[in-house]
Amino acid sequence: NVRPLVALVSLATRDVFVAGKWISVVSAALAGLLAFLLCARLFGYWAGVGAQLILLVSGPFPTFALSASTDIVFLLLCLAALLCFLHDRPLARWRVAAAGAVTGAAYLVRYNGIFLVPPFLLAILFLNVFGVGWRKRIELAALLLTVTLITVAPWLYLNYRYNGSP
C-alpha cells in the first residue's frame, strides 16, 4: 500500500495524481540503477549496463514509469530485496533481515510480493548460499520469515480488525 508515500509526496505537489506519477518516475530511475547493480554484481559490469538498457527501453517500462501506479514501485522493491539478499559485505543475518524487511514492503505494495519468500527460503535452506550448517540455515530461514511477518503485521492486524481476516 503506497498511500502513505503518496500522501507525503502530495504535500509537495498538492495533487495526489501528480504525486503518484512522480513516485513512479523516481522509482523507475532507481529501478534502472538497481537492475544495473544486480546484474553487474552477478555477471559483470557490461552485463549490468546491458540489463539496465534493456529494462529502460523495454515496451511497457516507459509507460508504467510515467503512470500513477504501483508497478514500478513494486519492481523497485523486488530488485532491492534481491540486492539485499545477494550483497556480499554484511553478515548473513543482516542480509537476510534486510531482504525480509524489503520483501514485507513489497508485499504491502502488492500482494504477490509474498512470492519472494519461497526463493529466499530455497536459497537459504537447500542451496546453502551462505555456506553454513543446517542449524544456522534454519535460524536464517526463521529470521527471514520473522522479519517479513513483523514488517507486514500492522497491515495484517488492521485487515483482521476491519475485515475479519488478515
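This section describes the aromatic contacts and a nonpolar surface patch of a predicted model.

Aromatic pairing was searched across the whole structure, and 6 pairs were found. In one of them, the ring centres of Tyr 45 and Trp 46 lie 5.0 Å apart. Their planes meet at 85 degrees, so this pair is edge-to-face; the cut-off for that class is over 60 degrees. Trp 46 has a relative accessible area of 67% and is therefore exposed. Tyr 45 and Trp 46 also belong to one aromatic cluster with Phe 36.

Tyr 107 and Tyr 111 form another aromatic pair. Here the centre-to-centre distance is 5.4 Å, and the planes stand at 45 degrees. This geometry is classed as tilted. Tyr 107 is buried, because its relative accessible area is 14% and the limit for burial is under 20%. Tyr 111 reaches 49% and so counts as partly exposed.

A ring also takes part in a contact with a charge. The charged end of Arg 137 sits over the ring of Trp 134. The distance to the ring centre is 4.1 Å.

Nonpolar side chains form a surface patch of about 880 Å². Its members include the aromatic residues Phe 17 and Trp 22. Val 16, Val 18, Val 25 and Val 26 contribute as well, as do Leu 30, Leu 33, Leu 37 and Leu 66. Of these, Leu 33 was placed in helix α2, which spans residues 16-43. Leu 33 has a relative accessibility of 40%, so this residue counts as partly exposed.

Technical notes
Residues numbered from 1 in each chain as written. Predicted model: local features only at pLDDT ≥ 70, side-chain atom pairs only at ≥ 80, totals over all residues. Heavy atoms only, no water. Phe/Tyr/Trp six-rings, centres within 6.5 Å; stacked < 30°, edge-to-face > 60°. Buried < 20%, exposed > 50% of the residue type's maximum accessible area, 1.4 Å probe, protein only. Lys NZ or Arg CZ within 6 Å of the ring centre and 35° of its normal. Patch = residues over 30% accessible without salt bridge, like charges linked within 9 Å, V, L, I, M, F, W, Y side chains within 5 Å. Areas by Shrake-Rupley, 256 points an atom, 1.4 Å probe, with all protein chains shown as cover. Salt bridge = Lys/Arg side-chain N within 4 Å of Asp/Glu carboxyl O. Helix = DSSP H or I, 4+ residues; strand = E, 2+ residues; numbered from the N terminus.
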